[in-house]
Amino acid sequence: MLDSAGTLRVRAYTAGGALPIAGAVVRIIGAEEANRLVSRSLITDRNGITEAVSLPAPSISYSLSPSPLEAPFAVYDVEISAEGYYSKRINGVSVFSGVDSVQLANMIPTGSGVGDYPRGNVNARIPENESL
């Protein structure tokens, strides 16, 4: 049950964090049955960071006494796009009640060459916490 809230900010950058990406479009989407209807759209500022957005999360009491039936966090997917960069999707972002979380998004420039696609995957999946 998502009866509380946490906040999430997204920081879009390139060059290993040296250059922020202003004007990136960030979409946050609920990734679980309990939050499937949650969808937020934001734009990064000149520092490459979105404003903090409040998102539904389970009560902090689930964090204090973990249960195998209820995770102490809500799960969201984050999509980031900006002109001149490959779009990125990060699946499995955790949001805890009362916590201001920051999700980093290292963006890859598109380049100008034909077929100049980056090596590796531009999509990321945050692994599940197996201790729960």
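This report walks through the salt bridges of a predicted model.

## Overview

Let's start with the count: the structure holds four salt bridges.

## Strand 1 meets strand 8

One of the salt bridges joins D100 and R9, with 3.0 Å between the closest N and O atoms. R9 belongs to strand 1 (residues 4-14) and D100 to strand 8 (residues 100-106), so this pair ties together parts that are 91 residues apart in sequence.

How accessible are the two partners? D100 is partly exposed, at a relative accessible area of 41%, and R9 also counts as partly exposed, at 30%.

Next comes a linked group: R27, D77, E79 and R89 are joined in a network of salt bridges. Within this group, R27 pairs with E79, and their closest N and O atoms are 3.7 Å apart. Because R27 sits in strand 3 (residues 25-30) and E79 in strand 6 (residues 74-81), the pair ties together parts that are 52 residues apart in sequence. R27 is partly exposed, with a relative accessible area of 36%, and E79 is partly exposed at 25%.

D77 and R89 form another salt bridge, with an N to O distance of 3.0 Å. D77 lies in strand 6 and R89 in strand 7 (residues 88-95), so to speak two distant parts of the chain, 12 residues apart, that the pair links. Is D77 buried or exposed? D77 is buried, with a relative accessible area of 10%, because buried means under 20%.

Terms used
Residues numbered from 1 in each chain as written. Predicted model: local features only at pLDDT ≥ 70, side-chain atom pairs only at ≥ 80, totals over all residues. Heavy atoms only, no water. Salt bridge = Lys/Arg side-chain N within 4 Å of Asp/Glu carboxyl O. Helix = DSSP H or I, 4+ residues; strand = E, 2+ residues; numbered from the N terminus. Buried < 20%, exposed > 50% of the residue type's maximum accessible area, 1.4 Å probe, protein only.
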